[in-house]
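Trainee: I would like to go through this structure term by term. Please show it first.

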Protein chains: 2
Amino acid sequence: MTHEELFQHILKKRSYLCVGLDTDFTKIPVHLLDQEDPVFEFNKQIIDATADYCVAYKPNTAFYESLGVKGWGSLQKTIDYLNHNYPEHFTIADAKRGDIGNTSAMYAKAFFQSMNFDSITVAPYMGSDSVKPFLEYKNKWVILLALTSNQGSSDFEELTIHRKSGGFNAENVSHKHLYEMVLEKSQAWASHEQMMYVTGATKATEFEKIRKIVPNHFLLVPGVGAQGGSLEDVSKYGMNKTCGLLVNSSRSIIYASNKTDFATAAQLEAKNIQTQMSHFLKTILLK
Amino acid sequence: MTHEELFQHILKKRSYLCVGLDTDFTKIPVHLLDQEDPVFEFNKQIIDATADYCVAYKPNTAFYESLGVKGWGSLQKTIDYLNHNYPEHFTIADAKRGDIGNTSAMYAKAFFQSMNFDSITVAPYMGSDSVKPFLEYKNKWVILLALTSNQGSSDFEELTIHRKSGGFNAENVSHKHLYEMVLEKSQAWASHEQMMYVTGATKATEFEKIRKIVPNHFLLVPGVGAQGGSLEDVSKYGMNKTCGLLVNSSRSIIYASNKTDFATAAQLEAKNIQTQMSHFLKTILLK
């Protein structure tokens, strides 16, 4: 999928909502447990109920891996279902992978070739050659972790980097956060046509700073909803001229109810968020 | 497995070799391709041939994921085979995972509970709460990425961190590499009884510095062999009083031959490395 196609889908749906399919087996409504594959059945109903109100789906691989071979099968069925029935929707493998070159190439094969996801989240710690193999697939995306929404983001992501520039005797010393260095350096690896960034919504005040470094990129924003971020702040400070935001909500949508009405409850919650997003698109993007 | 049990196994085998099961389907000898599960059959024969000369096995999950559901099945069979037949061997899921707390807990469940690996490699970028869920399992280990052996390690791992200590008006400014900060900070999360570090063998000169920060921890050292590190340097600068090293070799062992003699060739290569290790244990550890 191209940047422009994603933007057009956002305008059409008047939504930049991404639904996180973090499907925890222990939270699936009991009436689904006698199905052959309860996880897939749950996902299928959530997808059908929310597709009109979102533009992206993001299964987090951890929830599937925790169920072993069967879980991996549920993930495969979920992405196949999305690709077959909702090809307009942007799909994100939230896998946070990253390894040396030949190994990252294997992960790229797993998620882009075998499963045909549009994108994958990648951890930047190991640097350029751990990311580049993912960029060899046309119209596939790397979503690089920059500033995450968890408490531990202060441990390393927000450390201050000391840099001298201009050669040995230079007096130009600059101080930047590690996550800002990730945003800066990685722009040499791919443009906003193939790279997005994870930027946590609990730090809306940081968005202005982030937008100075990456004005044109899409940002995947977790942490709205259960993790406590404000959709208004994110939209106000993060939106650019092609929207540039995918705001994720997982638990508050998919677990809106744990009874037989779970899909309807998820739909209501997604619709509620979409209504707010439609408002922000009108007042910020189209003003 | 405890630190002491691993050390005793090293003394018994006179080896600190870890065999990396990075089993690439395209490199499996052709005569195995008519087996029901060629990847597992390859691993089984490699394991049986090398078990006398090594103390650990490390499948890299990327190679299995690239084959989809069937690959995940081969990984499950491989760890089951190891746990059943070689319980003394330390097993490492080289998965480089790491996510927000509730998600890392799912990865911990996948690798420690469903699969029963002894350890998992974890990426530090997202900080403490992305690592801690893995530490809730008794006698299971986190192997945290510190300094990796790839070229991209210079992008972020070797950046200089600027730190003021001692309060607002302090003049104490220190400069450390990011990977040194990872080593330092993470020691507050677990002791050398539950934490190891990945430190790349292509930087043997860095080992002295690393050993000042983590004198008692085991270090998992990739990059000896195909990636070009020197076993002698690693042993000289990295060994501590309980050995403290697991040196990994993948490609140079498992692809020593691509013909019907692949297992014998792997055995010879493993035995050759074990002979060198036995010498270094005698001259460095037991001197």
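Mentor: Start in chain B. Met196(B) stands opposite Phe218(B) in β9(B). This is a predicted model: local features need pLDDT of at least 70, side-chain atom pairs count only at pLDDT 80 or more, and totals for chains, interfaces and linings use all residues. Residues are numbered from 1 along each chain as its sequence is written, while chains are lettered from A and ligands numbered from 1 in the order in which they are written.

Trainee: How do you know that strand β8 and strand β9 of chain B pair?

Mentor: Two strands pair if DSSP finds at least two bridges between them. Strand β8 (residues 195-199) and strand β9 (residues 218-221) of chain B have three bridges. So they pair, and in the parallel sense. Strands here are DSSP runs of E, at least two residues; helices are runs of H or I, at least four residues; both are numbered from the N terminus.

Trainee: What joins strand β8 to strand β9 in chain A?

Mentor: Two bridges, between residues 195-199 and residues 219-221 of chain A. The definition asks for at least two, so these strands pair as well. Tyr197(A) stands opposite Leu219(A) there.

Trainee: What makes the strands of chain B a barrel?

Mentor: Eight strands close in the order β1-β2-β3-β4-β5-β8-β9-β10, with parallel pairing. The twist averages 30° from one strand to the next. Chain A has eight strands closing in the order β1-β2-β3-β4-β5-β8-β9-β10 too.

Trainee: Which strands does helix α9 of chain B lie across?

Mentor: β9 and β10 (245-249) of chain B. Helix α9 (residues 231-238) runs at about 165° to β10(B). Angles run from 0 to 180 degrees between N-to-C directions, with axes fitted to C-alpha atoms, for helices over the stretch in contact. Helix α11 (residues 262-285) of chain B touches β1 (17-21) and β10, at about 155° to β1(B).

Trainee: Why is Arg14(A) called partly exposed?

Mentor: A residue is buried with 20 or more other C-beta atoms within 10 Å of its own, exposed with 12 or fewer, and partly exposed in between; C-beta atoms are placed from the backbone. Arg14(A) has 17, so it is partly exposed. Its place is the loop between α1 (3-13) and β1 (17-21) of chain A. Phi of Arg14(A) is near 50°, a positive value in a residue other than glycine.

Trainee: Why is Asn139(A) called partly exposed?

Mentor: Asn139(A) has 13 other C-beta atoms within 10 Å, so it is partly exposed. Asn139(A) lies in the loop between α6 (128-131) and β5 of chain A. Phi of Asn139(A) is near 60°, again a positive value in a residue other than glycine.

Trainee: How many residues of chain B are in contact with chain A?

Mentor: 49, in contact with 49 residues of chain A. Contact means C-beta atoms, placed from the backbone, within 7 Å. α5(B) gives the most to that side of chain B, with seven residues.

Trainee: How do you know that the copies meet through the same surface?

Mentor: 100% of the interface residues of chain B are also interface residues in chain A, so the surface is the same.

Conventions:
Contact = placed C-beta atoms within 7 Å.
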